[in-house]
Amino acid sequence: MNSRERILARIRTAVAGAPEVALVPARPPAAATGREVELFAERVADYRAVVHVAEPGKEGAVIAEALARRGARRVVVPGGLPREWERAVRDHPGCEVVTDDPPLSAAELDAVDGVVTGCAAGIAETGTIVLDAGPGQGRRVLTLMPDYHLCLVRAGQIAAGVPQAVAALDPARPLTWISGPSATSDIELDRVEGVHGPRTLEVIVIR
Amino acid sequence: MSGTFLGMPAFPGNAAAAVHDSQLRFNLRKATRTIRGKRAAVVGELPDWEELRAAGKAIKDHTLRNLDRHLLRLEEAVTRAGGRVHWAADAAEANRIVAELVEATGETEVVKVKSMATQEIGLNEALAERGITAYETDLAELIVQLGDDLPSHILVPAIHRNRSEIREIFREKMGQWGRAAPGDLTDDPRALAEAARLHLRERFLSSKVAISGANFMIAETGTLVVLESEGNGRMCLTLPETLISVVGIEKLLPRWQDLEVFLQLLPRSSTGERMNPYTSTWTGAAEGQEFHLVLLDNGRTDVLADEVGRQALRCIRCSACLNVCPVYERVGGHAYGSVYPGPIGAILTPQLHGMTRATPASHGRGISELDASLPYASSLCGACFEACPVAIDIPEVLVHLRAKAPHPRSERLAMRAAGWVFDRPVRLARTQRLGGRLRRFVPGRLPGPGAAWTDTRDVPDIPAESFRDWWDRTEGGTR
Ligand code: SF4
């Protein structure tokens with residue numbers, strides 16, 4: 001008997017005679033409240049991320065302002081980023097656009113100043129952004145190595161809570177759930193923002 | 001102290017030493033109080049917390065009852081998505097599988113994400129024996145590894161070290177392992193984190209193989225889930241060409257949608273946050289990576305066979321039970337002599353090692369004095385049960401284990417060494433009150449040392465209301 005069979009046999013012996021436990025039906029997602037955008041912005045800011053709310057069509061200007069404040073000179077733009085967002089980066093004076101085609105090495109990504117992406121979903125209740133490596137987001141490493149991540153979220157992408165987001169996401173894609181900048185409390189429980197991921201997370205919510 | 005828990009003295013000896021370590025006690029008090037407060041706040045935000053807790057318990061119980069079926073579904077889904085699944089009956093087999101997978105890549109260095117399962121099986125030591133160096137990448141694990149030390153808390157493994165100790169460890173040891181710490185390193189947590197960032201970044205960029213655990217595995221889709229804070233997990237999961245995940249068979253959830261329950265329960269119970277900074281999920285070989293999943297038994301099927309004890313397998317390692325435990329707060333994690341400290345460790349470790357039977361996992365060692373003393377490392381106050389997001393009735397399991405493995409002297413020694421309760425009237429009162437609520441767990445016959453005595457006498461019932469409470473309520477019997 002190999003280990004696979006042995007473990008399965010041990011499990012069967014162990015639970016033989018135990019009462020069956022029904023699988024509870026998946027919980028119904030709560031209804032949307034209409035306050036998702038405000039709550040999302042508030043909760044993202046709670047993680048000490050920088051948050052802006054922009055009117056539709058005005059986000060390009062907010063991108064340009066953010067990059068100027070940051071002083072970013074070389075910025076990664078993933079394939080499939082909406083044209084007007086990419087243009088805002090490209091037109092920003094003194095800013096060089098870096099694309100991931102051909103794929104950048106981790107070391108090359110380590111040397112850029114920041115990255116601008118969209119996302120797959122937002123979660124109001126927890127202030128979470130979910131990336132699924134789809135168009136406008138790129139490979140997971142693009143939002144990992146650069147020290148600055150500017151992320152755009154459309155109001156329609158924001159789910160009220162975790163159940164709705166899980167239901168909407170595709171598990172076959174590699175997902176990265178981001179709730180604020182990376183952090184550690186390993187030294188005497190003092191929270192320090194930014195260990196390995198981007199130390200600054202800036203979010204633009206498009207109403 | 002060398003990096004192993006094997007052959008440690010029993011809980012009473014460890015606890016007595018730890019109670020006298022004032023740095024440890026200060027850090028523990030600060031840590032557990034901070035986290036307790038944050039947890040209470042974010043748990044209070046969710047009106048359906050008890051419903052979530054009940055759902056978490058039911059999903060886990062269903063999974064454990066049907067573990068064989070769900071593991072086979074998982075295997076199929078992972079394989080379909082381009083991953084390879086390996087089954088390891090015990091620690092030795094898991095270590096051998098991982099070592100051979102690493103050797104097949106031709107690499108002699110691997111990066112690791114904090115994983116209790118790999119600590120449980122002593123993977124780093126086993127790899128070292130075969131000439132493979134495993135680098136821990138969690139800040140706390142790095143502190144522990146550089147300091148040639150042992151972790152003491154599930155979530156904050158270096159909770160027993162203060163900032164100046166950490167600075168000394170970084171200054172002395174970082175250079176021996178890779179990029180040295182800057183010469184002018186201060187003990188500001190920011191500066192220390194920055195030193196770790198630079199030290200580890202070099203390592204991430206050059207590593208070809210990573211080893212992780214997982215918080216959850218989804219049977220239906222073959223998806224693995226890792227929750228973390230620092231981003232070292234993302235580095236390990238994303239950059240290397242080969243990823244090897246070692247995961248206990250009980251970490252399974254049946255359906256993708258079940259994740260919503262646990263992604264709400266875990267961060268709030270664990271760090272007291274609405275959500276942890278990063279959660280990664282991947283299915284099979286993601287973005288062209290080579291992926292191996294090692295499914296670990298190592299005593300879990302023995303725990304599953306115990307009708308009362310099996311609920312310990314619901315544990316999602318949030319550490320809420322540690323943070324509310326009065327015994328843990330005084331003695332710290334090392335006293336438990338196991339990778340699983342605190343209340344959950346007191347019920348999981350002896351069971352994984354094979355409490356009363358000569359199980360394969362106990363390697364014929366029989367039960368050690370430490371394991372036998374662990375079920376006594378508690379006052380049965382019940383705070384752990386109330387905090388547990390999957391409603392594991394830890395006091396019930398403790399009483400059950402005490403009855404199962406009688407051990408002379410253990411109780412008296414554990415309690416006296418921890419010296420935890422009778423020095424504070426408030427605590428005594430609280431304990432008596434909870435004792436009243438937990439009456440149903442008290443056996444009619446005392447286990448262990450008391451057995452001979454109770455063989456001929458009944459254990460007096462614990463009254464529903466303690467004398468103190470009655471006195472307060474009635475103002476000394478005047479009302
Ligand atoms: S026993 Fe419960 S409270 Fe303790 S670590 Fe496990 S899940 Fe958390």
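In chain A, the loop between β3 (96-99) and α5 (106-110) contains P102(A). The peptide bond that joins D101(A) to P102(A) is cis, with omega at about 0°. Most residues other than glycine have a negative phi, and most peptide bonds are trans. The model is a predicted one, and the cis bond belongs to that prediction. N298(B) sits in the loop between β10 (290-296) and α13 (300-304) of chain B.

The next topic is how the chains meet. In the interface, 70 residues of chain A are in contact with 89 residues of chain B. The size of an interface is often given as the accessible area lost when the parts come together. Here chain B and chain A bury about 7100 Å² between them, and carbon and sulfur atoms account for 57% of this area.

Polar and charged pairs also cross the interface. The count of residue pairs in polar contact between chain B and chain A, with both residues at pLDDT 80 or more, is 34. Ten salt bridges are found between chain B and chain A. R274(B) and D46(A) form a salt bridge, in which the closest N and O atoms are 2.8 Å apart. On the side of chain B that touches chain A, helix α10 (residues 189-206) of chain B gives the most, namely eleven residues. That side of chain B, sorted by class, has 44 nonpolar, 26 charged and 19 polar residues.

Strand pairing also joins the chains. Strand β9 (residues 278-283) of chain B pairs with strand β9 (residues 175-178) of chain A in the antiparallel sense, over four bridges. Within this pairing, W177(A) is opposite T279(B) of β9(B). The two strands belong to an open sheet of eight strands with mixed pairing, in the order β8(A)-β5(A)-β6(A)-β9(A)-β9(B)-β6(B)-β5(B)-β8(B). On the chain B side, strand β5 (residues 216-218) runs parallel to β8(B), and two bridges join them. I218(B) has L253(B) in β8(B) as its bridge partner.

Over all chains, the structure holds 36 salt bridges. One salt bridge within chain A is formed by the side chains of E38(A) and R207(A), at 3.1 Å from N to O. This pair links distant parts of the chain, 169 residues apart: E38(A) is in helix α2 (residues 36-46) of chain A, while R207(A) lies in the segment after β12 (200-206) of chain A.

What remains is the ligand. Its surroundings consist of 13 residues, and the closest are C315(B), C318(B), S319(B), C321(B) and C388(B). By class, the shell around the ligand has eleven nonpolar residues, one polar residue and one charged residue. Cysteine counts as nonpolar in this scheme, so C315(B), C318(B), C321(B) and C388(B) fall into the nonpolar class.

Conventions: Residues numbered from 1 in each chain as written. Chains lettered and ligands numbered in written order. Heavy atoms only, no water. Contact = heavy atoms within 4.5 Å. Buried area = accessible area lost by both parts, 1.4 Å probe. Salt bridge = Lys/Arg side-chain N within 4 Å of Asp/Glu carboxyl O. Polar contact = N/O pair within 3.5 Å; in protein donor to acceptor, adjacent residues only side chain to side chain. Pairing = 2+ DSSP bridges. Near = heavy atom within 4 Å.
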